[in-house]
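Please open the model in your viewer and keep the selection tool at hand. The stops below are meant to be taken in order.

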Amino acid sequence: MGSWIDRELAGCKFADARIGKRFSMLMDQLSDGIGRTIPLACGDWGATKAAYRFLDNDRVSEAEILAGHFQATRERFAAVDGPVLVLHDTTEFSFTRSDTAAIGQTHKVASGHRDERGRPRMHTVCGILMHSSLVVTTDGLPLGLVAVKLWTRKKFKGTNALQGKNIDSGKHSVNTTRIPIEEKESIRWLENARQATEVLGDPSRIIHIGDRESDIYELFSECDSLDTKFIFRTCVNRRTEDEQTINEAMDDQRVKAVHRIEVLDPKGNLTTAELEIKYQKLEVCPPIGKEKRYENLTLTVIHARERGKPEGREPIEWKLITNLPVTCKADAVRMLDWYSLRWNIETFHKVLKSGCRAEDSKLRTADRLANLIAIMCILAWRVMWLTQTNRVSPELPAKLVFTDTEIKLLEHLIPAENASKKVTVGDFLTKLARLGGYLNRKRDGPPGNMVLWRGIVRLTDIHLGFSLARDVGN
């Protein structure tokens with residue numbers, strides 16, 4: 001499966017060709033040992049030292065590392081038809097270091113120990129924040145990343161810190177809505193929306209998706225100015241042109257549709273939930289104090305609330321805001337279905353942390369960690385792509401994913417129960433997952449990300465052992 005790396009790195013441009021070669025070698029090493037430490041993945045001190053030098057090189061940045069992958073994402077985007085979803089979310093990578101200043105503090109947590117007065121001792125956590133934008137089809141197939149921003153809180157202190165600074169000076173607390181967006185971490189949402197539009201190059205097909213953190217009026221205006229669409233989960237009770245608030249306007253609306261969906265109960269069993277759906281087009285006003293900078297926007301609010309009180313879980317309630325047209329039940333349900341794919345970006349972050357083990361790295365500076373996380377982003381996308389390809393297009397030829405040698409190895413390791421003329425991606429991804437612990441019982445769902453990446457690592461080891469045995473035999 002190493003040939004895919006060449007496609008993902010083809011658009012990378014470094015200041016020195018030798019840096020590009022080193023990057024390609026490091027990608028090969030890390031992809032063969034997803035989740036392993038750098039020394040274990042590299043195999044010897046010379047390769048490990050070269051990897052550390054690459055990550056510490058002043059002429060290497062996460063933007064240069066990801067440039068080729070962004071280009072490959074654009075090519076995959078151009079190869080599919082219809083709208084695509086750009087999923088946005090922010091996550092935090094936490095590290096335990098004695099010198100927190102080398103990376104940057106994020107927050108304090110209780111260490112589990114208590115002082116002489118019995119009070120819990122606080123431990124300072126350092127880390128890096130990442131805002132990522134993942135492109136997926138409306139079927140959920142991840143096409144790749146189009147924007148990744150990594151930063152520490154040395155620059156952006158957050159609105160809470162701004163408020164605290166103001167309180168300490170003896171003045172009234174700052175109204176966070178009046179702080180310019182450029183002074184807040186939330187500027188990353190706007191920057192990623194711009195970059196996504198620039199990379200993909202076809203704004204009319206782009207639909208931005210975000211959770212309640214994306215309920216930012218400046219972001220609504222930015223998407224509107226870029227001629228892109230969006231579906232964001234809203235939590236702010238904004239003003240409307242009719243001198244009402246969004247909540248008041250929606251309370252006045254009747255239920256326009258009922259939609260049934262399947263959800264998992266606390267025991268993992270599928271149950272049915274009935275959602276009452278309201279939707280209404282509203283003229284939404286900008287926050288007070290920003291009326292001169294931003295204009296009113298005509299947006300549609302969709303409110304979906306579950307009927308009754310389910311046992312063992314909270315009732316479903318989504319309130320979405322969009323600039324897409326919603327004129328009937330089918331439109332509203334489509335918006336809900338598209339928003340429900342937002343979990344893919346959380347899965348991507350989970351693969352980064354649990355599969356690639358990004359937070360286990362012992363690198364000591366923010367710049368080195370940022371470069372390593374950028375590399376892991378490409379690997380995490382690949383694992384997700386394999387997982388979703390098995391679910392979306394299992395009938396594709398296996399040669400699109402596997403080499404001839406890998407196909408032969410998998411056929412030998414896990415023989416087919418029924419001889420089949422077709423050699424499909426679905427069949428061989430299931431074989432790969434079985435190497436990672438997937439049982440493939442009749443009632444089991446399709447394999448997930450974790451068993452697939454474990455299967456990739458094990459297949460790589462088997463492939464290496466096979467090659468060594470062949471060389472020794474010769």
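The model is a predicted one, in which local features need pLDDT of at least 70 and side-chain atom pairs count only at pLDDT 80 or more, while totals for chains, interfaces and linings use all residues. Residues are numbered from 1 along each chain as its sequence is written, and side-chain values use heavy atoms, with hydrogens and water left out.

**Helix 5 and helix 12**

Select residues 62–79 for helix 5 and residues 366–392 for helix 12 (helices are DSSP runs of H or I, at least four residues, numbered from the N terminus). The two pack at an angle of about 20°, with their axes 8 Å apart (axes are lines fitted to C-alpha atoms over the stretch in contact, and angles run from 0 to 180 degrees between N-to-C directions). Helix 5 and helix 12 are therefore roughly parallel (angles under 35 degrees count as roughly parallel, over 145 as roughly antiparallel, 65 to 115 as roughly perpendicular and the rest as oblique). On the helix 5 side, Glu62, Ile65, Leu66, His69 and Arg76 make the contact, and among their partners in helix 12 are Ala370, Asn371 and Trp381 (contact means heavy atoms within 4.5 Å).

**Helix 11 and helix 12**

Next, show side chains: helix 11 contributes Trp343, Asn344, Thr347, Phe348, Val351 and Leu352, which meet residues of helix 12 including Ile373, Met376 and Gln388. By class, this contact has 11 nonpolar, three polar and no charged residues (Ala, Val, Leu, Ile, Met, Phe, Trp, Tyr, Cys and Pro count as nonpolar, Asp, Glu, Lys and Arg as charged, and the others, Gly among them, as polar).

**The largest cavity**

Which residues line the largest cavity? Select Leu30, Gly33, Ile34, Gly35, Arg36, Ile38, Cys356, Leu372, Met376 and Leu379 (a cavity is a set of points on a 1 Å grid over the protein atoms alone where a 1.4 Å probe fits but cannot get out, and lining residues have an atom within 4 Å of a point). Helix 12 gives the largest share of this lining, three residues, and the lining as a whole has seven nonpolar, two polar and one charged residues.

**Helix 7 and helix 8**

Finally, select residues 187–200 (helix 7) and residues 217–225 (helix 8), which pack at about 15° with their axes 9 Å apart. Trp189, Leu190, Ala193 and Arg194 of helix 7 meet Glu218, Leu219 and Glu222 of helix 8, a contact with four nonpolar, no polar and three charged residues.

Technical notes:
On a 1 Å grid over the protein atoms alone, a cavity is a set of points where a 1.4 Å probe fits but cannot get out, and a pocket is an open set with protein on both sides within 12 Å along at least five of seven lines; lining residues have an atom within 4 Å of a point.
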